[in-house]
Amino acid sequence: MTLLQVFPDSETLLALEPEELGGALLGILSGSEAFAWLERAGLTMPDFTQLGAGSAYWSLLTKRGRELRTREQVRSYRDAALLPVGLVHAEILPKAHPAFLRGD
């Protein structure tokens with residue numbers, strides 16, 4: 001199910017209270033691999049003050065997650081992580097890393 005399927009018109013979506021939209025998003029995203037990626041990328045972390053039943057927990061944004069506000073910023077972050085700078089030899093890193101980030 002997608003957000004568009006749940007809320008086919010923007011007026012309805014924009015009229016929602018945050019908790020109403022949050023509930024809809026949880027329903028759409030539950031079980032999604034996107035949650036796992038966000039946590040693995042260091043953009044979210046468990047909020048252990050909000051433990052649920054069993055081992056379930058809420059997530060909250062990390063400092064890095066709060067800094068990424070657009071899809072373009074997230075894409076740049078994701079692309080930069082494709083080349084772990086710790087694995088690149090120090091002599092070629094100054095030339096290789098900027099070129100990689102430019103897409104060369």
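## Buried, exposed or in between

A residue counts as buried under 20% relative accessible area, as exposed over 50%, and as partly exposed in between. Asp 79 has a relative accessibility of 31%, so Asp 79 is partly exposed. The model shown here is predicted.

## The chain as a whole

The protein chain has seven helices and two strands. Follow the sequence and the order is α-α-α-α-β-β-α-α-α.

The chain has 104 residues, and 12% of them count as buried.

## A buried phenylalanine

Where does Phe 7 sit? Phe 7 is in the loop between helix H1 and helix H2. Helix H1 covers residues 3–6, and helix H2 covers 10–15. Is Phe 7 buried or exposed? The relative accessible area of Phe 7 is 13%, which is under 20%, so Phe 7 is buried.

Which residues does Phe 7 touch, leaving aside those up to four places away in sequence? They are Thr 12, Leu 13, Leu 16, Leu 21 and Ala 24. Take Leu 21 from that list. Phe 7 and Leu 21 are 14 residues apart in sequence. In space, their C-alpha atoms are 9.9 Å apart.

## Two salt bridges

How many salt bridges does the structure hold? There are two. One joins the side chains of Arg 75 and Glu 72, with an N to O distance of 2.1 Å. Both residues belong to helix H6, which spans residues 71–80. Arg 75 and Glu 72 are three residues apart, about one turn of the helix.

Arg 78 and Asp 79 form a salt bridge too. Here the closest N and O atoms are 3.5 Å apart.

## How open are the charged partners?

Start with the bridge between Arg 75 and Glu 72. Arg 75 has 38% relative accessibility, so Arg 75 is partly exposed. Glu 72 has a relative accessible area of 43%, and Glu 72 is partly exposed as well.

Now turn to the bridge between Asp 79 and Arg 78. Why does Arg 78 count as partly exposed? Its relative accessible area is 41%, which lies between the 20% and 50% cut-offs. Asp 79, at 31%, is also partly exposed.

Notes:
Residues numbered from 1 in each chain as written. Predicted model: local features only at pLDDT ≥ 70, side-chain atom pairs only at ≥ 80, totals over all residues. Heavy atoms only, no water. Helix = DSSP H or I, 4+ residues; strand = E, 2+ residues; numbered from the N terminus. Buried < 20%, exposed > 50% of the residue type's maximum accessible area, 1.4 Å probe, protein only. Contact = heavy atoms within 4.5 Å. Salt bridge = Lys/Arg side-chain N within 4 Å of Asp/Glu carboxyl O.
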